[in-house]
Amino acid sequence: MTEESKIVTVQVDAGVPREKQSGLVCAAYSEPGARSSQQDSLFCGERDGMLLAAVCDGMGGMNGGEIASGIAARIFAEAFYAQELSDPAGFLEEMAHKADEAVFGLSEGGRPMGAGSTIVSVLIRGRSLYWLSVGDSRIYLFRRGELLCPVRPHNYGELLRARLAEGKISGEAYRAGLKNAEALISFLGIGGLKLMEANRQPFWLEDGDQVLLCSDGLYRSLSEERIRELLMSGANPSILARNLVQEAVEAGGIRQDNTSAVLIRCQFARKGPETEPEP
């Protein structure tokens, strides 16, 4: 794997991460871990003062997962440069449905491939952050030492917990179902996508905030406390993205999954003040 291919898999914006005119710095890094293939696909690009980033984690065998994540990332990336973006939240949701349809339709030898991909994506316009999540990859928001994950995993375990809390299943049924807790109940390629996490009202970013998008290979190997410690280090974003991924790979050992991160740091103070939008 070349150094360049570690930076982005979907290489629409090539080159070394740099500070953008928007006051944002974006860096990305990816490693295959202990797996023989890399099924994560990443994108980070900017246009007209807006930034789009995405991490897609493929599922469905060596070829299927890689193809699915690549298609999903490319659909988001190409549309970002081609479309008007008057409704950022609507754009993310629309692209999720298009990617779901495209991946669901993948075939091999005339038979459905059965591939899929998770996705976490953020679109930043000015200081307004919009996010999207389908599956079990994660988005972390870091501000003044506090770490927040605004999205929940779309897996069977979360469904079981909700049913237990609502009194729809017994404790015995809950415990019996936990053996399948990690099975995804929503992903791109499921066909007729219904479950996703998205915010219609933007999250207002502040100078110094950091936004981390990552595949499950990272957060399953690093605790949230360790992620927080690394984000507090103040390291250059490209170095920090690399450190997050490499430490997760080392911690995971011989079972480590593909591991990817896109890190965005807000440096608005160098750009000048901006007025917060009315709700």
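Is Cys 44 buried or exposed? I looked this up before anything else. Cys 44 counts as buried, at 12% relative accessibility. The cut-off for buried is under 20%, so 12% qualifies. I note here that the model is predicted.

**Entry: the disulfide**

I searched the whole structure for disulfides and found 1. Cys 26 is joined to Cys 44, with an S to S distance of 2.0 Å. Cys 26 sits in strand 1, residues 24–31, and Cys 44 sits in strand 2, so the bond ties together parts that are 18 residues apart in sequence. Cys 26 is buried, with a relative accessible area of 6%.

Then I turned to other cysteines. Cys 149 is in no disulfide. Its nearest cysteine sulfur belongs to Cys 214 and is 7.9 Å away. Cys 149 counts as partly exposed, at 24% relative accessibility. Cys 266 is buried, with a relative accessible area of 2%.

**Entry: strand 2 and its partner**

Cys 44 took me to strand 2. How many of the 8 residues of strand 2 are buried? I count 7, so this strand, residues 40–47, is largely enclosed by the rest of the structure.

Next I looked at the pairing. Strand 2 and strand 3 (residues 50–59) run antiparallel, and 8 bridges join them. Within strand 3, Val 55 is the residue opposite Leu 42. The hairpin of these two strands has 2 residues between the strands. Asp 48 in this hairpin takes a positive phi near 50°.

**Entry: salt bridges**

I find 19 salt bridges in the structure. I went through several of them.

Arg 143 and Asp 209 meet through their side chains, at 2.6 Å from N to O. Which parts of the chain does this pair link? Arg 143 is in strand 8 (residues 138–143), and Asp 209 is in the loop between strand 11 (203–204) and strand 12 (210–214). The two residues are 66 apart, and the parts they link are distant in the chain.

Glu 206 lies in the loop between strand 11 and strand 12, while Arg 144 lies in the loop between strand 8 and strand 9 (146–148). They are 62 residues apart. Glu 206 is partly exposed at 27% relative accessibility, and Arg 144 is exposed at 67%.

I also looked at Lys 168. Its salt bridge is with Glu 166, and the closest N and O atoms are 3.1 Å apart. Lys 168 is exposed, with a relative accessible area of 61%. Elsewhere I noted a network: salt bridges that share partners join Asp 136, Glu 182, Asp 216 and Arg 220.

**Entry: the whole chain**

The protein has 8 helices and 13 strands. Of its 279 residues, 49% are buried. I then took contacts between residues at least 6 apart in sequence: 73% of them join residues at least 24 apart. The protein exposes about 13000 Å². Carbon and sulfur atoms supply 48% of that area.

Notes: Residues are numbered from 1 along each chain as its sequence is written. This is a predicted model: local features need pLDDT of at least 70, side-chain atom pairs count only at pLDDT 80 or more; totals for chains, interfaces and linings use all residues. Side-chain values use heavy atoms; hydrogens and water are left out. Helices (H or I, at least four residues) and strands (E, at least two) are DSSP runs, numbered from the N terminus. Buried means under 20% relative accessible area, exposed over 50%, partly exposed in between (1.4 Å probe, protein chains only). Contact means heavy atoms within 4.5 Å. Accessible areas come from the Shrake-Rupley method with a 1.4 Å probe; for residues, only the protein chains shown count as cover. Two strands pair if DSSP finds at least two bridges between them. A salt bridge is a side-chain nitrogen of Lys or Arg within 4 Å of a carboxyl oxygen of Asp or Glu. A disulfide is a pair of cysteine sulfur atoms within 2.5 Å.
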